[in-house]
Amino acid sequence: MPKLTFILGGAASGKSNYAESLAKTCDHPRIYIATAQAFDDEMRAKIARHRNAREADGWRTVEEPFALARAIGEAPGDHLVLVDCLTLWLSNVMLAQQDRSEEGLIDALAARRGPTIVVSNEVGQGLVPETPLGRRFREAQGGLNRRVAGEADLVVAVMAGLPLALKGRLP
């Protein structure tokens, strides 16, 4: 298992399922850092459903919509960490007008001793967003994706549930 694996794809592309299946090939205890926030009943139900399924499968779930670098840094080094996803984290901090702390995030990923898998949406293949906030988000997400990909040992694009190695070799 590479030290840092970065998995990109569009919405509902299968990237999270692929990340989870990849994590299960590793013998380490697993921590799932979830960045989603529940703003309505549908999302609350979805988060609960995912959390319950992960816990039944041996994951420890940490829900952290803002302090992602801290959550990564607090994970024991002998555990595998899966972060799902950078896109929701960036949305959370931008909408809350918080400091994005990308340097802290990159440092936390680099400092991890155990294997880490990070999931993010590829935002550069769609239409140009209509709003200034949408355009700022797209630029910020694209930049963050490039930085994490630059640090990663393995970068995988997932489309229709199929992985394609962009950097490194698929295990």
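Two strands pair if DSSP finds at least two bridges between them, and in this predicted model Phe6 stands opposite Val118 of strand 5 in such a pairing. The strands belong to an open sheet of seven, arranged in the order 3-2-4-5-1-6-7 with mixed pairing.

**Strand 5 and its neighbours**

- Strand 1 (residues 4-9) pairs with strand 5 in the parallel sense, and six bridges connect the two.
- Strand 4 (residues 80-84) also runs parallel to strand 5, joined to it by four bridges, and here Val81 has Thr116 of strand 5 as its bridge partner.
- Strand 5 (residues 116-121) is mostly covered, since six of its six residues are buried.
- In a regular strand the side chains alternate between the two faces of the sheet.
- In strand 5, Thr116, Val118 and Ser120 point one way, while Ile117, Val119 and Asn121 point the other way, and all of these residues are buried.

**Helix 5 against helix 6**

- Two packed helices are described by the angle between their axes and the distance between the axes.
- For helix 5 and helix 6 (residues 132-151), the axes come within 11 Å and cross at roughly 25°.
- Angles under 35 degrees count as roughly parallel, and therefore helix 5 is described as roughly parallel to helix 6.
- The crossing of these two helices, helix 5 and helix 6, is right-handed.
- On the side of helix 5 the contact is made by Glu102, Glu103, Leu105, Ile106 and Leu109, and on the side of helix 6 by Ala140, Leu144, Arg147, Val148 and Glu151.
- Sorted by type, the residues in the contact of helix 5 with helix 6 comprise six nonpolar and four charged ones, with no polar residue among them.
- Glu102 lies in helix 5, and when its neighbours within four places in sequence are left aside, Glu102 is in contact with Ala140, Leu144 and Arg147.
- Because buried means under 20% relative accessible area, Glu102 counts as buried at 14%.

**Two further residues**

- Asp99 is placed in the loop between helix 4 (86-95) and helix 5 (102-111), and with a relative accessibility of 60% Asp99 counts as exposed, the cut-off for exposed being over 50%.
- Although Asp99 and Phe66 are 33 residues apart in sequence, they are 9.5 Å apart in space from C-alpha to C-alpha.
- His50 is found in helix 2 (residues 41-56), and its relative accessible area of 37% makes His50 partly exposed.
- His50 and Thr61 are 11 residues apart along the chain, and their C-alpha atoms are separated by 9.8 Å.

Note on methods:
Residues are numbered from 1 along each chain as its sequence is written. This is a predicted model: local features need pLDDT of at least 70, side-chain atom pairs count only at pLDDT 80 or more; totals for chains, interfaces and linings use all residues. Side-chain values use heavy atoms; hydrogens and water are left out. Buried means under 20% relative accessible area, exposed over 50%, partly exposed in between (1.4 Å probe, protein chains only). Axes are lines fitted to C-alpha atoms, for helices over the stretch in contact, and angles run from 0 to 180 degrees between N-to-C directions. Angles under 35 degrees count as roughly parallel, over 145 as roughly antiparallel, 65 to 115 as roughly perpendicular and the rest as oblique. A crossing is left-handed if the near helix is turned anticlockwise from the far one by less than a right angle, and right-handed if clockwise. Contact means heavy atoms within 4.5 Å. Ala, Val, Leu, Ile, Met, Phe, Trp, Tyr, Cys and Pro count as nonpolar, Asp, Glu, Lys and Arg as charged, and the others, Gly among them, as polar.
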